[in-house]
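Welcome! Please take a moment with the sequence and the structure below, and then we can walk through some of the features together.

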Amino acid sequence: MFRAVARIMRTPDLRRKIGFTLGIIALFRLGSFIPAPFVDYQNVQLCLAGNTGTSGLYELVNLFSGGALLQLSVFALGIMPYITSSIIVQLLRVVIPHFDTLYKEGQSGQAKLTQYTRYLTIALGILQSTTLITVARSGTLFAGSGAAECQQLITNDAWYAVLLMVITMTAGTGLIMWMGELITERGIGNGMSLLIFTSIAARFPTALWSIAQARSFEIFLMVVAVGLVIMAAVVFVEQSQRRVPVQYAKRMVGRRTYGGNNTYIPIKVNMAGVVPVIFASSLLYLPALVAQFNRPTDGTAPPAWVSWVEANLTSGDNPLYMVVYFALIVGFTYFYVAITFNPEEVADNMKKYGGFIPGIRAGRPTAEYLDYVLTRVTLPGSLYLGIIALIPLIALATVGANQNFPFGGASILIIVGVGLETVKQIDSQLQQRHYEGLLR
């Protein structure tokens with residue numbers, strides 16, 4: 001391992017790429033601590049110290065921003081607007097034929113889709129920054145803290161001050177998007193994924209330290225041991241795949257013979273990644289948001305349905321919340337896999353190039369077989385996603401850790417997935433230059 005690291009340092013091109021990536025990551029983390037204009041930094045820090053934890057979508061965005069959301073920094077929105085816009089553009093391929101045509105055009109079509117994603121990111125940045133500033137002005141951003149300072153996070157409520165804050169946070173989102181594209185172009189790995197990785201990894205020490213302070217040292221060691229087991233299990237499942245064998249018939253083109261080789265179609269157990277967890281978390285936040293808007297402000301008793309929603313669908317340690325959360329993740333996993341993997345399209349491409357699955361006729365029988373395999377492989381994948389996503393909620397109910405429990409949910413999925421992909425890219429570049437990679 002140390003010899004591989006030494007080879008990285010002796011390779012000028014690879015050393016320059018890694019150095020550039022680390023420099024962009026350092027700038028990204030620096031921007032997470034710079035407060036936006038007209039934000040009372042001292043009051044924000046006091047509220048963070050006394051906050052017992054937010055819930056719902058705030059917690060998800062705060063996770064992906066590395067804690068910058070609750071600090072109301074210039075990078076408060078983090079990479080979340082870009083993630084949302086990317087998912088929306090991907091889903092629009094099913095609804096809008098023009099988007100699907102662009103996707104099939106190759107590099108030129110992909111460039112147009114990327115441009116649409118950028119425009120949508122800025123639009124979502126404006127919307128989310130306006131919502132965040134409105135919530136901060138209302139004093140409900142820190143739901144777990146009742147301090148008076150949490151009602152005075154903004155020092156100036158004038159329209160020009162709010163406009164400047166919206167522009168600053170939206171510009172921060174655009175800058176983060178540009179940084180991610182720079183890492184993809186000139187650095188190592190996927191830039192957007194690495195920035196999310198950095199945001200989540202930056203919160204691991206704080207989350208572990210909070211567990212060590214709130215509980216005994218034995219509980220802390222137990223959490224770390226369980227976390228290592230969970231991480232090993234996630235690595236195993238993320239690497240697992242069902243390989244469908246494919247054979248290509250020989251064909252003559254001029255004087256050359258093509259085909260005749262054997263390959264396979266890799267169907268991963270977890271093809272949906274972390275997207276179903278994001279979908280389920282966002283959808284579960286909607287009832288709480290509706291109930292919050294329907295709560296009376298004059299001190300009278302709220303309607304019965306508002307009380308029921310606040311009692312059952314807002315707290316992560318509630319059994320009904322866990323069951324609904326698990327069911328939504330399983331359902332969204334099947335939905336997202338059905339959108340991203342089209343068995344009919346794969347079967348048509350195989351038939352076009354003379355490929356077939358042994359024992360299965362080309363065309364429609366191949367599509368039906370792939371759909372059969374995909375449905376059964378997705379079942380353990382969806383259950384795995386649901387169990388991993390419930391780990392922070394179970395920790396909240398048993399150990400007393402907050403919902404930012406590091407070894408579970410979206411955080412561990414992203415940490416493992418991005419880490420594996422980045423290590424593979426470094427390994428492939430080392431093999432190109434030294435015939436010996438980072439991994440053995």
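## The largest pocket

Helix α17 (409-434) provides nine residues to the lining of the largest pocket, the largest share. Here helices (H or I, at least four residues) and strands (E, at least two) are DSSP runs, numbered from the N terminus. Also supplying at least two lining residues each are α5 (80-95), α7, α8, α9 (191-201), α11 (217-239), α12 (275-293) and α14 (319-340).

The volume of this pocket is about 1,700 Å³. Of its 46 lining residues, Gln 90, Asn 190, Ser 193, Val 275 and Tyr 336 are the closest to the centre. On a 1 Å grid over the protein atoms alone, a pocket is an open set of points where a 1.4 Å probe fits, with protein on both sides within 12 Å along at least five of seven lines, and lining residues have an atom within 4 Å of a point. Grid points are joined across faces, edges and corners, and the volume is the space filled by probe spheres set on the points.

## About the model

This is a predicted model, in which local features need pLDDT of at least 70, side-chain atom pairs count only at pLDDT 80 or more, and totals for chains, interfaces and linings use all residues. Residues are numbered from 1 along each chain as its sequence is written, and side-chain values use heavy atoms, with hydrogens and water left out.

Three strands make an open antiparallel sheet, in the order β4-β1-β5. Because β4 (262-268) and β5 (355-356) stand at the edges with a single partner strand each, one side of each has no neighbour in the sheet.

Strand β1 (residues 241-248) pairs with β4 over seven bridges; strands count as paired if DSSP finds at least two bridges between them. Opposite Pro 245 is Tyr 264 in β4.

## Two nonpolar cores

The largest nonpolar core has 62 residues, and Val 234, Val 277, Tyr 325, Ile 388 and Leu 413 touch the most other members. Helix α16 (residues 364-398) gives the most to this core, with 11 residues. A separate second core has 21 residues, among them Ala 76, Leu 132, Val 162 and Met 165.

A nonpolar core is a set of buried Ala, Val, Leu, Ile, Met, Phe, Trp, Tyr and Cys residues joined through side-chain atoms within 4.5 Å. Buried means under 20% relative accessible area, with a 1.4 Å probe and protein chains only.

## Asn 156 in its loop

Asn 156 sits in the loop between α7 (107-138) and α8 (159-186). Its relative accessibility is 19%, so Asn 156 counts as buried. The Asn 156 side chain makes a polar contact with the side chain of Tyr 160 at 3.2 Å, that is, a pair of N or O atoms within 3.5 Å, one able to donate a hydrogen and the other to accept it, where residues adjacent in sequence count only if both atoms are side-chain atoms.

Note on methods. Buried means under 20% relative accessible area, exposed over 50%, partly exposed in between (1.4 Å probe, protein chains only).
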